[in-house]
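Subject: Structure handover

Hello,

Here is the structure we spoke about, with the sequence alongside. My notes on it follow below.

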Amino acid sequence: MAKIISLINEKGGVGKTSSANAIAVCLKHKNYKVLGVDFDKQSYFSYSVGAETRESPTIYDVIKNNVNVIDAIQHTSVIDILPTDGLLGNIEKEYYGPGSESLLKEALKPLDSMYDYIIIDSPPELGLISANVLVASNLVLIPALCDFFSLQGVIQVHETISRIKQAINPQLVLGGMFLCRYYPREELSRVARETAVKLCENLNMTLLDTVIRHSTVITNAMTAAQEDLIEFAPKNPVVKDYISLVDELFERGLL
């Protein structure tokens, strides 16, 4: 049975897509069968692994019952992925009422025995699309930047997760928050981490020990090169950070 892991934050540019990509790649290098699901109409996750979205079926086509989910999977050199495009945003207009939050969950059911892990990237807003991500997930992680504006947004994200867990998906586990683009030598990052500790204590939420440092190498791997980041830069400190993050999730019994 596949474990479905999502990354969510109401803010964009917090390392959500990069983290989804990196976690998927790290799990692949541990010899697990991994599928990425791009559930953000901006389709950055799809682009980061070199998926084709213009002429190929997407997760939106699957939800519309226009194509079988297995036929929509693309096998890239990075990972397998269910890509998306801008049409995904139509879900907010086309679906409403009871059951509309479970569209993604139902779409992924046929893949349950095909993969060990399914990693979902979500949009930078809290609406029906994000609700679908949380309803489909077993585990949710919150990436956040080392700045106070990013940390303030975590409160609303936490409330949304709690609401979905209580009303629709009681099995959903909030694995915690982790900090991205951390600058060890900068006072601002260190102070932000102290603030994150207090925030997580107030929300009764785990702050993961691993921090993800800043590096343009990761951006290059996922945008210019569209390559497996471990193969692209195996000795890069941020690659090592993501490997450590996945190891920590295993150690905590979350994976």
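This is a predicted model: local features need pLDDT of at least 70, side-chain atom pairs count only at pLDDT 80 or more; totals for chains, interfaces and linings use all residues.

Asn220 sits in helix H10. Once neighbours within four places in sequence are set aside, its contacts are Ala225, Gln226 and Phe232. For the pair Asn220 and Phe232, the separation is 12 residues along the sequence and 9.3 Å in space, taken from C-alpha to C-alpha.

The sheet

The model has an open sheet of seven strands, with mixed pairing and the order S3-S4-S2-S5-S1-S6-S7. Strand S3 (74–75) and S7 are the edge strands, each pairing on one side only.

I looked at strand S6 in some detail. Strand S6 covers residues 139–145, and seven of its seven residues are buried. Leu139, Leu141, Pro143 and Leu145 point one way from the strand, while Val140, Ile142 and Ala144 point the other way. Both sets are buried.

On one hand, S6 pairs with strand S1 (residues 3–7) in the parallel sense, over three bridges. Within that pairing, Ile5 has Leu139 as its bridge partner in S6, and Leu7 has Leu141. On the other hand, S6 is joined to strand S7 (residues 173–180) by seven bridges, and these two strands also run parallel. Here Ile142 stands opposite Met177 of S7.

Pockets

What is the volume of the largest pocket? The value is about 510 Å³. Its lining consists of 26 residues, and those nearest the centre are Gly15, Lys16, Thr17, Ser18 and Arg181. Four helices each give at least two residues to this lining: H1 (16–28), H2, H10 (216–222) and H12 (237–251). By residue class, the lining of the largest pocket splits into 10 nonpolar, 11 polar and five charged.

The second largest pocket holds about 290 Å³ of space. It is lined by 17 residues, and Ile4, Lys105, Asp112, Ala136 and Asn138 are the closest to its centre. Helix H6 (103–108) and helix H7 (128–136) each contribute at least two residues to the lining of this second pocket. The lining of the second largest pocket divides into 10 nonpolar, four polar and three charged residues.

Loop residues

- Ser43 is in the loop that runs between strand S2 (34–38) and helix H2 (44–48). Ser43 counts as buried because its relative accessibility is 17%, and the buried class is under 20%. Leaving out residues up to four places away in sequence, Ser43 touches Asp38, Thr84 and Asp85.
- Asn31 is in the loop between H1 and S2. Its phi is near 70 degrees, which is a positive value in a residue other than glycine. Asn31 counts as exposed because its relative accessibility is 71%, where exposed is over 50%.
- Asn65 is in the loop between helix H3 (59–63) and helix H4 (69–72). Its phi, near 65 degrees, is again a positive value in a residue other than glycine. With a relative accessible area of 69%, Asn65 is exposed.

That covers the sheet, the pockets and the individual residues.

Regards

Definitions and conventions. Residues are numbered from 1 along each chain as its sequence is written. Side-chain values use heavy atoms; hydrogens and water are left out. Buried means under 20% relative accessible area, exposed over 50%, partly exposed in between (1.4 Å probe, protein chains only). Two strands pair if DSSP finds at least two bridges between them. Contact means heavy atoms within 4.5 Å. On a 1 Å grid over the protein atoms alone, a cavity is a set of points where a 1.4 Å probe fits but cannot get out, and a pocket is an open set with protein on both sides within 12 Å along at least five of seven lines; lining residues have an atom within 4 Å of a point. Grid points are joined across faces, edges and corners, and a volume is the space filled by probe spheres set on the points. Ala, Val, Leu, Ile, Met, Phe, Trp, Tyr, Cys and Pro count as nonpolar, Asp, Glu, Lys and Arg as charged, and the others, Gly among them, as polar.
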